[in-house]
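Please read them beside the sequence and the structure.

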Amino acid sequence: MKKITVPRLGEMKKQREKIVMVTAYDAATANIIDEAGVDIVLVGDSLGNVVQGLPNTLSVTMDEMIYHTKMVSRGVKHAHLCGDMPFMSYQASKDDALRNAGRFIKEAGAESVKLETNEIYLDTVYSISKAGIPVMGHIGLCPQSVHIMGGYKIQGREDKEAKRIFELAKSVEDAGAFSLVLESIPKELAERITESINIPTIGIGAGPSCDGQVLVINDLVGLSPEPIPRFVKRYANLRKVMTKAVRDFADEVKEGQFPSVEHSFN
Ligand code: KIV
């Protein structure tokens with residue numbers, strides 16, 4: 001399989017080939033995802049929720065993102081690898097943003113960075129991409145703004161907000177982003193954006209018209225505890241499978257059935 005590059009992702013939009021993006025946080029899982037043939041592996045700052053057990057993504061640090069992206073890069077051969085800029089790694093200044101985006105590439109083996117984008121960060125998107133680092137924008141529900149939003153709510157339901165998001169999508173493209181995540185917005189708005197811009201849109205809770213779709217791996221394979229958001233589809237129930245395996249092991253140990261002769265040395 002050929003390596004997925006930024007130009008290839010642009011081609012996929014033109015050819016109307018859907019783009020598949022999945023998150024990963026460690027080498028073993030990244031390797032399974034890569035071998036399954038996904039196009040983009042994202043080391044998301046969802047790391048905070050699904051790996052670190054935190055209520056939100058706000059305390060994830062740059063060093064933690066670099067640590068996990070390094071691990072993931074060892075498991076990925078075919079997919080494009082994108083690292084997610086954590087809260088306060090790009091907000092304080094453009095210099096911070098450039099330095100931290102550079103760390104993803106130089107230290108961790110990422111091939112692009114994603115940043116939650118509003119009007120204030122268009123210049124930052126421009127500067128990072130002009131420095132040679134491809135940028136994936138992220139608009140709609142931006143989890144790093146959870147306190148401003150007052151929770152994780154669908155964005156762009158009202159006309160004024162929908163217009164703002166629509167215009168922001170165009171501005172993110174103009175600033176030089178190579179792709180754009182649309183999170184938790186009405187499907188009609190996502191469709192209008194997808195038809196109006198030339199870079200691929202990747203949806204999560206944004207309906208079927210986006211150029212691609214992304215899910216968090218723990219949600220996709222059914223490792224996340226309830227409740228799960230409405231936009232998640234579970235393709236397996238690994239939580240059930242793992243619980244049974246661990247219970248069976250515990251029962252066999254308690255009953256003296258494990259290890260048997262076959263699992264012991266002479
Ligand atoms: O952090 C993350 O995993 C994300 C994706 C859900 C897009 O931002």
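1. K244 and D248 both belong to helix α11 (residues 238-254), where they sit 4 residues apart, about one turn of the helix. Helices here are DSSP runs of H or I with at least four residues, strands are runs of E with at least two, and both are numbered from the N terminus. The two side chains form a salt bridge, with the closest N and O atoms 2.5 Å apart; the term requires a side-chain nitrogen of Lys or Arg within 4 Å of a carboxyl oxygen of Asp or Glu. D248 has a relative accessible area of 32% and therefore counts as partly exposed, given that buried means under 20%, exposed over 50% and partly exposed in between, with a 1.4 Å probe and protein chains only.

2. On provenance, this is a predicted model, in which local features need pLDDT of at least 70 and side-chain atom pairs count only at pLDDT 80 or more, while totals for chains, interfaces and linings use all residues. Residues are numbered from 1 along each chain as its sequence is written, and side-chain values use heavy atoms, with hydrogens and water left out.

3. The structure holds 13 salt bridges, among them the pair of K3 and E111, whose closest N and O atoms are 3.0 Å apart. This pair links distant parts of the chain, 108 residues apart, since K3 lies in the segment before α1 (6-14) and E111 in the loop between α5 (94-106) and β4 (112-116). K3 is partly exposed because its relative accessibility is 34%, and E111 is partly exposed because its value is 29%.

4. R8 and E17 also meet through their side chains in a salt bridge, at 2.8 Å from N to O. With a relative accessibility of 31%, R8 counts as partly exposed, and E17, at 33%, counts as partly exposed.

5. Which residues of α8 and α9 make the contact between these helices? Helix α8 (residues 159-174) and helix α9 (residues 187-196) pack at about 25° with their axes 10 Å apart, so α8 is roughly parallel to α9. The contact is formed by A162, I165, F166, A169 and K170 of α8 with L189, R192, I193 and S196 of α9, and it comprises 6 nonpolar, 1 polar and 2 charged residues. Axes are lines fitted to C-alpha atoms, for helices over the stretch in contact, and angles run from 0 to 180 degrees between N-to-C directions. Angles under 35 degrees count as roughly parallel, over 145 as roughly antiparallel, 65 to 115 as roughly perpendicular and the rest as oblique. Contact means heavy atoms within 4.5 Å; Ala, Val, Leu, Ile, Met, Phe, Trp, Tyr, Cys and Pro count as nonpolar, Asp, Glu, Lys and Arg as charged, and the others, Gly among them, as polar.

6. E173 lies in helix α8 and is buried, because its relative accessible area is 17%. Leaving aside residues up to four places away in sequence, E173 touches I197, N198 and I199.

7. The axes of helix α2 (residues 27-35) and helix α4 (residues 62-75) come within 7 Å and cross at roughly 40°, which means that α2 is oblique to α4. In this pairing, A27, A30, N31 and D34 of α2 meet M71, V72, R74 and G75 of α4, a set with 4 nonpolar, 2 polar and 2 charged residues.
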